[in-house]
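This report covers one protein model. The text begins with an aromatic residue and moves on to the fold.

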Amino acid sequence: MKYCLTIVVLLLAMANAFGEEPMQCDIGPVDKHYGGTKWIVYSCSDNNTLVIYSYPDNPASPFYFMFYIKDENYRLYGEGTGNKKYSKAASDELGRLTDNDIKALIS
C-alpha cells in the first residue's frame with residue numbers, strides 16, 4: 001500500500017500547515033469502477049474527505065483522487081503517473097458526482 005503511505009504523508013503535511021490534527025483515511029475499503037477501471041475508495045476520519053486509489057492492475061496506476069471541502073464545496077484533486085487516458089476517464093466520471101453522491105460514499 002505505497003499509495004496509502006503517500007496519502008498519509010500528504011495529509012500530515014496538510015494538517016501541520018493548518019495546525020490541525022492529522023486525519024486518517026482508513027474507513028473502508030469499497031470497490032468501485034470509474035471510467036471503466038477498478039478503484040478502491042476510503043473515507044477519512046473528518047467525515048468530509050474521500051480518497052480513491054487505483055488498483056495495482058488498473059492502467060491508471062499509480063494514481064489517486066481526493067474529494068475534499070473548500071469554501072463549503074467539494075473539490076476533486078488527482079495525482080499519479082499511470083496512463084492518463086484511464087485517469088482522465090475516471091476523473092470525468094468522478095467530476096459528475098454530486099455532493100450527495102460523495103456524502104453517500106463517505107457514509
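Phe-63 counts as buried because its relative accessibility is 10%, where buried means under 20% relative accessible area, exposed over 50% and partly exposed in between (1.4 Å probe, protein chains only). Phe-65 is also buried, at 3% relative accessibility. The model is predicted: local features need pLDDT of at least 70 and side-chain atom pairs count only at pLDDT 80 or more, while totals for chains, interfaces and linings use all residues. Residues are numbered from 1 along each chain as its sequence is written, and side-chain values use heavy atoms, with hydrogens and water left out.

**Aromatic residues**

The structure holds five aromatic pairs; rings of Phe, Tyr and Trp (its six-membered ring) pair if their centres lie within 6.5 Å, and planes under 30 degrees apart count as stacked, over 60 as edge-to-face and the rest as tilted. Two of these pairs are tabulated here.

| Pair | Centre distance | Plane angle and class |
|---|---|---|
| Tyr-42 and Tyr-53 | 5.7 Å | 75°, edge-to-face |
| Phe-63 and Phe-65 | 4.8 Å | 50°, tilted |

Tyr-42 belongs to strand β2 and Tyr-53 to strand β3, so their pair ties together parts that are 11 residues apart in sequence. Both Tyr-42 and Tyr-53 are buried. One aromatic cluster is formed by Trp-39, Phe-63 and Phe-65.

**Sheet and helices**

The protein has three helices and five strands, in the sequence pattern α-β-β-β-β-β-α-α. Helices (H or I, at least four residues) and strands (E, at least two) are DSSP runs, numbered from the N terminus. The five strands form an open antiparallel sheet in the order β1-β2-β3-β4-β5, two strands being paired if DSSP finds at least two bridges between them. β1 (27–34) and β5 (73–80) are the edge strands with a single partner each, so one side of each has no neighbour in the sheet. From one strand to the next, the twist averages 25°.

Strand β4 (residues 63–70) is joined to β5 by eight bridges, and the two run antiparallel. Across this pairing, Phe-67 stands opposite Leu-76 in β5, and Tyr-68 stands opposite Arg-75. β4 and β5 form a hairpin with two residues between them, and Asp-71 in the turn has a positive phi of about 55°.

Helix α2 (residues 84–95) lies across β1, β2 (37–43), β3 (50–54), β4 and β5, at about 25° to β4. Helix α3 (residues 99–106) also packs on the sheet, touching β1, β2, β3, β4 and β5, and its direction makes about 70° with that of β5. Axes are lines fitted to C-alpha atoms, for helices over the stretch in contact, and angles run from 0 to 180 degrees between N-to-C directions.

**Thr-49**

Thr-49 is placed in the loop between β2 and β3 and is buried, with a relative accessible area of 3%. Its side chain makes a polar contact of 2.6 Å with that of Asp-46. A polar contact is a pair of N or O atoms within 3.5 Å; within protein, one must be able to donate a hydrogen and the other to accept it, and residues adjacent in sequence count only if both atoms are side-chain atoms. Beyond its neighbours within four places in sequence, Thr-49 is in contact (heavy atoms within 4.5 Å) with residues including Met-23, Met-66, Phe-67 and Ile-106.
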